[in-house]
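This report goes through one protein model, from its overall make-up to single contacts. Please keep the sequence and the coordinates at hand.

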Amino acid sequence: MLALSLLSVFAASAAMAAQDFVIEKEFEAVTCGSSVKLAHAATGYRLHSHQVTYGSGSGQQSVTGFNGGDDPNSLFVVDSAFGAKQCKRGSPFKCDDIVRLNHLTTKKYLHSHAHVSPLSNQQEVSAYEFTNNEDNWKVICNDKKDKVWKRESKVRLHHIATQKYLSASSKYQFRNPIPGQLEVCGAKSAGNNELWQVQEGIFFGQPDL
């Protein structure tokens with residue numbers, strides 16, 4: 001009985017904590033200059049990079065899925081597209097906007113190109129120190145009622161230069177030196193493995209008009 005009572009209290013506390021989590025309207029959109037963690041909707045792994053390079057393909061810095069929300073190597077700064085006018089800090093990104101994601105700790109851009117990914121033989125996704133049009137990703141909102149890219153809402157990131165979708169799968173996990181991390185790649189399809197959502201981060205509110 002005591003165990004059941006403790007479980008009931010724990011469940012009630014968890015439910016109350018979930019209800020208490022409210023995103024203020026000023027911060028509900030993903031905005032220019034915000035540092036965000038993108039969670040893979042199917043697995044919960046965070047988009048991640050680090051100073052580990054691929055042993056094949058481009059040899060550039062690898063991009064993976066990391067099982068944990070507290071690692072600073074999963075933070076990416078959201079910026080305007082290559083070739084576009086610089087966005088104003090705090091301005092919200094709309095659905096179908098084109099963005100770049102700059103890895104906060106290594107200052108390299110989320111990138112893709114015509115190299116084969118090491119595990120699934122799809123398209124390699126890397127982090128690249130120089131910026132060009134292969135860093136541009138279109139934000140496709142999964143909920144067609146959304147007008148802006150919202151925190152916690154599912155999106156797909158569509159690579160403009162190659163028309164592939166940012167993807168991951170629990171079937172493709174690395175061994176040493178990054179055991180258990182998922183391969184992140186570019187995929188032709190637009191299914192559940194291509195859905196992501198912004199969760200943790202440091203967010204700039206929308207500027208006053």
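## Basis

The model is predicted: local features need pLDDT of at least 70, side-chain atom pairs count only at pLDDT 80 or more, and totals for chains, interfaces and linings use all residues. Residues are numbered from 1 along each chain as its sequence is written, and side-chain values use heavy atoms, with hydrogens and water left out.

## Overall make-up

Helices (H or I, at least four residues) and strands (E, at least two) are DSSP runs, numbered from the N terminus. Read from the N terminus, the order of elements is α-β-β-β-β-β-β-β-β-β-β-β-β. The protein chain holds 209 residues, and 45% of them count as buried. Buried stands for under 20% relative accessible area, exposed for over 50%, and partly exposed for values in between (1.4 Å probe, protein chains only).

## The largest pocket

How much space lies in the largest pocket? The value is about 160 Å³. On a 1 Å grid over the protein atoms alone, a pocket is an open set of points where a 1.4 Å probe fits, with protein on both sides within 12 Å along at least five of seven lines; lining residues have an atom within 4 Å of a point. Grid points are joined across faces, edges and corners, and the volume is the space filled by probe spheres set on the points.

The lining of the largest pocket consists of 13 residues, and Thr-53, Gly-55, Phe-174, Pro-177 and Ile-178 lie nearest its centre. By class, seven lining residues are nonpolar, five are polar and one is charged. Here Ala, Val, Leu, Ile, Met, Phe, Trp, Tyr, Cys and Pro count as nonpolar, Asp, Glu, Lys and Arg as charged, and the others, Gly among them, as polar.

Pro-177 also has a backbone feature: the peptide bond that joins Asn-176 to Pro-177 is cis, with omega near 10 degrees. Pro-177 belongs to the loop between strand 10 (165-173) and strand 11.

## Side-chain contacts

Strand 3 (residues 61-66) contains Ser-62, and Thr-64 is found in strand 3 as well. Ser-62 counts as buried because its relative accessibility is 2%. Thr-64 is buried, at a relative accessible area of 0%. The side chain of Ser-62 makes a polar contact of 2.8 Å with that of His-50, and the side chain of Thr-64 makes one of 2.5 Å with that of Gln-181. A polar contact is a pair of N or O atoms within 3.5 Å; within protein, one must be able to donate a hydrogen and the other to accept it, and residues adjacent in sequence count only if both atoms are side-chain atoms.

Rings of Phe, Tyr and Trp (its six-membered ring) pair if their centres lie within 6.5 Å; planes under 30 degrees apart count as stacked, over 60 as edge-to-face and the rest as tilted. The count by this rule is one aromatic pair. Tyr-128 and Phe-130 form this edge-to-face pair, with 5.8 Å from centre to centre and 75 degrees between the planes. Tyr-128 is partly exposed, because its relative accessibility is 22%.

Another ring, that of Phe-203, has the charged end of Arg-151 over it, 3.8 Å from the ring centre. A charge sits over a ring if NZ of Lys or CZ of Arg is within 6 Å of the ring centre and within 35 degrees of the ring normal.

## Positive phi

Asp-96, in the loop between strand 4 (76-80) and strand 5 (98-103), has phi near 75 degrees, a positive value in a residue other than glycine. Asp-96 is partly exposed, with a relative accessible area of 45%. Lys-107 is not a glycine either, and its phi is positive at about 65 degrees. Lys-107 is found in the loop between strand 5 and strand 6 (109-116).

| Pair | Separation in sequence | C-alpha to C-alpha distance |
|---|---|---|
| Lys-138 and Tyr-165 | 27 residues | 9.4 Å |
| Glu-194 and Ser-167 | 27 residues | 4.5 Å |
| Lys-108 and Phe-76 | 32 residues | 9.4 Å |

Lys-138 lies in strand 8 (residues 137-141) and is partly exposed at 27%. Glu-194, in the loop between strand 11 (182-187) and strand 12 (196-202), is buried, with a relative accessible area of 4%. Lys-108 is found in the loop between strand 5 and strand 6 and counts as partly exposed at 22% relative accessibility.
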